[in-house]
Amino acid sequence: MAPDDPDQNAPPNQDRDGIDRMLTPGLQARVVDKVTDLAATTVRDHVHGAPPGAVGRAREAALAFFDLYDQRPVKDNKGGSGFNDSLWLFCAARALAPDLIVESGVFRGHSTWLLRQACPEAEIHSFDPDLTNLVHRDPRGGLYDVDWTDKPLPSPQGRRALIFFDDHVNQARRVREARERGFRDLLFDDNFPAEHLYAVGVPPIPTLEMVMDPAIADHREIRWRRRGKSHHEVLDIGEISDCKRLIKHYFVFPDLAPLTRYSAGSGLTLVKLVD
Ligand SMILES: C[S@@+](CC[C@H](N)C(=O)[O-])C[C@H]1O[C@@H](n2cnc3c(N)ncnc32)[C@H](O)[C@@H]1O
C-alpha cells in the first residue's frame, strides 16, 4: 500500500470510498468544487427555516468533509452510512445548526460521530436497541438501548431540534411519533421508492418515498426478492394518507455518486412537519 494512504492499517476489504481519490490537486479540486457548489445550492433551495448563514456553513462543511472523513473512528461501516450519505448528513446538520439532536439507529456509532463533528455543542441523545456493534461512543452524548419512544426526552419546544432516523422502522410511524413529541425537522436515511425495496436488507415500510408517491394505492401489495428470499408486504393506505398530511416540506438529497463515483447513497431525506 502506498505510504500516503491515510488508512495503511485498514483491512484490505475496507470500504475505499473517500480513500481512493485524485492526488493531482487541480483534479481533486474539480470533484470538491462540484460537491461544495451542490451542497450550497441544495441548502439554499431546499433547507427551510435554517438559521442565518446556512448556505455558507453548508459550503464550508462540504469542503471540510473530504479531510474529516479520513479521521472517522469507524473505518469499516458496512451496513451503515458511507461517504455520500455521511457528507449530506454532516452538511444538513451544520446548516440547520440544532442544539438538540436525537438519533435513532446507531449501529457502530459512525453517524453519532458525524453529528457531533457537525454540531460540537449540541445535546445528543442516541437510541439503538442493539448496541452490540458499537465501535465509537460519543463521550458527551446520551446512549440508550431502547426505542426512542421508550424514554422521556428534553422538550424540543423553543429549541432548534433535529431528529435523525436511520433505524429501518416504518417511516410513517416515525413521522407520527416525532410530531407528537414536538419535533418538526426530521432526517431519514434509507428512503427508497417502492420499486427499489430489494436494494436494502430490512427496508422501512412504508418509506417516505412511498408516502409521497401519488400512485402508491395502485401497489398496495408489494413482493420482492433479495438474496434468494422472497418478501411480501401489504401497505396500510390510511396510514400513508395520514402521514402525508403531516408533511410540509419534503426533500431527498441528490445522490452524490455521479460526482464522487463512490457508492450510491440511500436517499437521505429532510422533512419539515406542519405545526
Ligand atoms: C443502518 S444501521 C444505522 C447506521 C448508522 N446510523 C450509521 O449511519 O452508521 C440501523 C440500526 O438501526 C437499529 N435499530 C433497529 N430497530 C431500532 C429501533 N427501534 N430504534 C433504534 N434503532 C433501531 C439496528 O439495531 C441498527 O443498528
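## Helices α1 and α2

Helix α1 (residues 25-46) and helix α2 (residues 54-68) have axes that come within 8 Å and cross at roughly 150 degrees. Helices here are DSSP runs of H or I with at least four residues, strands are runs of E with at least two, and both are numbered from the N terminus. Axes are lines fitted to C-alpha atoms, for helices over the stretch in contact, and angles run from 0 to 180 degrees between N-to-C directions. The crossing angle makes α1 roughly antiparallel to α2. (Angles under 35 degrees count as roughly parallel, over 145 as roughly antiparallel, 65 to 115 as roughly perpendicular, and the rest as oblique.) The crossing of α1 and α2 is right-handed; a crossing is left-handed if the near helix is turned anticlockwise from the far one by less than a right angle, and right-handed if clockwise.

From α1, the contact is made by Val32, Val35, Thr36, Ala39, Ala40, Val43 and Arg44. From α2, Ala54, Val55, Ala58, Arg59, Ala61, Ala62, Leu63 and Phe66 take part. Two residues are in contact if their C-beta atoms, placed from the backbone, lie within 7 Å. By class, this contact has 12 nonpolar, one polar and two charged residues. Ala, Val, Leu, Ile, Met, Phe, Trp, Tyr, Cys and Pro count as nonpolar, Asp, Glu, Lys and Arg as charged, and the others, Gly among them, as polar.

## About the model

This is a predicted model, in which local features need pLDDT of at least 70, side-chain atom pairs count only at pLDDT 80 or more, and totals for chains, interfaces and linings use all residues. Residues are numbered from 1 along each chain as its sequence is written.

## The buried residues of α2

In α2, Ala54, Arg57, Ala58, Arg59, Ala61, Ala62 and Phe65 are buried. A residue is buried if 20 or more other C-beta atoms, placed from the backbone, lie within 10 Å of its own, exposed if 12 or fewer, and partly exposed in between. The buried residues of α2 pack against α1, α3 (83-96) and α4 (110-118).

Phe65 lies in helix α2 and counts as buried because it has 25 C-beta neighbours inside 10 Å. Apart from its neighbours within four places in sequence, Phe65 is in contact with Leu87 and Phe90. Phe65 and Val32 are 33 residues apart in sequence, and their C-alpha atoms are 9.6 Å apart in space.

## Helices α2 and α3

Two packed helices are described by the angle between their axes and the distance between the axes. For α2 and α3, the angle is about 145 degrees and the axes are 8 Å apart. The crossing of α2 and α3 is right-handed.

On the α2 side, Ala54, Arg57, Ala58, Ala61, Ala62 and Phe65 meet Leu87, Phe90, Cys91, Arg94 and Ala95 of α3. This contact has nine nonpolar, no polar and two charged residues.

## Helices α5 and α7

The axes of helix α5 (residues 171-180) and helix α7 (residues 237-245) come within 9 Å and cross at roughly 45 degrees. That angle makes α5 oblique to α7. The crossing of α5 and α7 is left-handed.

Ala172, Val175 and Arg176 of α5 meet Glu239, Ile240 and Cys243 of α7. The residues of this contact divide into four nonpolar, no polar and two charged.

## Backbone features in the loops

The loop between β5 (185-188) and α6 (208-212) contains Pro206. A cis peptide bond joins Ile205 and Pro206, with omega about -5 degrees. Asp190 also has its place in the loop between β5 and α6. Asp190 is not a glycine, yet it has a positive phi of about 55 degrees. Asp190 counts as buried because it has 26 C-beta neighbours inside 10 Å.

Phe107 is in the loop between β1 (100-104) and α4. Its phi is near 60 degrees, a positive value in a residue other than glycine. With 22 C-beta neighbours inside 10 Å, Phe107 counts as buried.

## The end of α1

His46 lies in helix α1. His46 is partly exposed because 15 other C-beta atoms are within 10 Å. The C-alpha atoms of His46 and Val252 are separated by 9.3 Å, although these residues are 206 residues apart along the chain.

## Around the ligand

The ligand is surrounded by 20 residues, and the closest are Gly80, Ser81, Gly105, Ser111 and Asp167. A residue is near a molecule or strand if its C-beta atom, placed from the backbone, lies within 6 Å of it. By class, the shell around the ligand has five nonpolar, nine polar and six charged residues.
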